[in-house]
Amino acid sequence: MRKEDTVKLISAEGFEFVVDKEAAMVSQTIHNMLTSPGSFAERQHGEVTFPEISTTILEKICQYFYWHLQFASGKETEFPIEPELTLELMMAANYLHT
Amino acid sequence: MDMYIRVKRSKTTYFIRCKPTDKILDIKLKLQELVDQPANNQRLIIPATGEVLEDSRTLADQKVENDAVVALTLRKDDNEFEEVNIVRPNDFYQARDADGANW
């Protein structure tokens, strides 16, 4: 895999998740950050920091991105969400337009 | 896309797309550029059992499934491989579990 094809998502606690750009762009917010001309520093570095998203939630979101790609390619499985994560996950999903 | 695995080292997680028929060496080649280390300086380990995954065998052979967590260790200067090191976040919901144990 080439570095240019990936993006690094960084959580509030400084944990890093390296994912395919294609997967991250399931999020409209990240899509905009990575494609809008010039304005976002994120675009040059291929890194996006989310100071308000905890590591557990960010990992869940990355898993969702890949689940979304799998589902889009015809694999029908459920996406498991632990009840204690629901609220924070919904807030993050709202922010990320996911 | 068939499956993905989560390769973890320290505070970093690499999401790697792969197929059950991919050999471990294929995974290491995918990681090569991301971790700045050639395949022969990488070792992949199942964290739960400590089992070292073999280059020539496939993911399916070694029961590595979709969404599995695999630990990455790198060769150190003295030619030995480092120990498995995966840092977990100590965030709200694990903290709450810990409290629960004290009640």
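## Exercises on a predicted two-chain model

Gln63(A) touches Phe79(A), Tyr4(B), Arg6(B), Phe15(B) and Asp67(B), leaving aside residues up to four places away in sequence. Keep that residue in mind as you work through the exercises; the model is predicted.

### Exercise 1: Gln63(A) and its helix

Work out which element holds Gln63(A), and decide whether the residue is buried or exposed.

**Solution.** 
- Step 1. Start with the element: Gln63(A) lies in helix H4 of chain A.
- Step 2. Check the cut-off, since buried means under 20% relative accessible area.
- Step 3. Gln63(A) has a relative accessible area of 10%, so the residue is buried.
- Step 4. Now widen the view to the helix. Of the 18 residues of H4(A), 14 are buried, so the helix is largely enclosed by the rest of the structure.

### Exercise 2: The span of H4(A)

Compare the reach of helix H4 of chain A with its expected span, then look at what follows the helix.

**Solution.** 
- Step 1. H4 covers residues 55-72 of chain A, which makes 18 residues.
- Step 2. At 1.5 Å a residue, the expected value is 26 Å.
- Step 3. From first C-alpha to last, the helix reaches 26 Å, close to that expectation.
- Step 4. Just after H4(A) comes Gly74(A), with a positive phi of about 100°.

### Exercise 3: The largest pocket

Describe the largest pocket by volume, lining and residue class.

**Solution.** 
- Step 1. Its volume is about 420 Å³.
- Step 2. The lining has 24 residues, and those closest to the centre are Glu59(A), Arg6(B), Lys8(B), Arg88(B) and Pro89(B).
- Step 3. Two or more lining residues come from each of these elements: strand E2 (16-20) and H4 of chain A, and strand E1 (3-9), strand E2 (12-18) and helix H2 (92-102) of chain B.
- Step 4. H4(A) contributes the most, with 5 residues.
- Step 5. Sorted by class, the lining holds 9 nonpolar, 7 polar and 8 charged residues.

### Exercise 4: The second largest pocket and Thr6(A)

Find which residues lie nearest the centre of the second largest pocket, then follow Thr6(A) to its contacts.

**Solution.** 
- Step 1. The second largest pocket has a volume of about 280 Å³.
- Step 2. Its lining has 14 residues; nearest the centre are Lys3(A), Thr6(A), Lys8(A), His45(A) and Gly46(A).
- Step 3. Strand E1 (6-10) and helix H3 (41-45) of chain A each give at least two lining residues. The classes are 4 nonpolar, 4 polar and 6 charged.
- Step 4. Thr6(A) belongs to strand E1 of chain A, and the residue is buried at a relative accessible area of 7%.
- Step 5. Beyond its neighbours within four places in sequence, Thr6(A) contacts Met1(A), Val18(A), Val19(A), Asp20(A), Lys21(A) and Leu34(B).
- Step 6. For Asp20(A), 14 residues along the chain from Thr6(A), the C-alpha separation is 4.3 Å.

### Exercise 5: Two residues of chain B

**Solution.** 
- Step 1. Of its 103 residues, 39% count as buried.
- Step 2. Gly50(B) lies in the loop between E3 and strand E4 (69-74).
- Step 3. Gly50(B) and Ile27(B), 23 residues apart in sequence, have C-alpha atoms 18 Å apart.

Terms used
Residues are numbered from 1 along each chain as its sequence is written. Chains are lettered from A and ligands numbered from 1 in the order in which they are written. This is a predicted model: local features need pLDDT of at least 70, side-chain atom pairs count only at pLDDT 80 or more; totals for chains, interfaces and linings use all residues. Side-chain values use heavy atoms; hydrogens and water are left out. Helices (H or I, at least four residues) and strands (E, at least two) are DSSP runs, numbered from the N terminus. The expected span of a helix is 1.5 Å times one less than its number of residues. Buried means under 20% relative accessible area, exposed over 50%, partly exposed in between (1.4 Å probe, protein chains only). On a 1 Å grid over the protein atoms alone, a cavity is a set of points where a 1.4 Å probe fits but cannot get out, and a pocket is an open set with protein on both sides within 12 Å along at least five of seven lines; lining residues have an atom within 4 Å of a point. Grid points are joined across faces, edges and corners, and a volume is the space filled by probe spheres set on the points. Ala, Val, Leu, Ile, Met, Phe, Trp, Tyr, Cys and Pro count as nonpolar, Asp, Glu, Lys and Arg as charged, and the others, Gly among them, as polar. Contact means heavy atoms within 4.5 Å.
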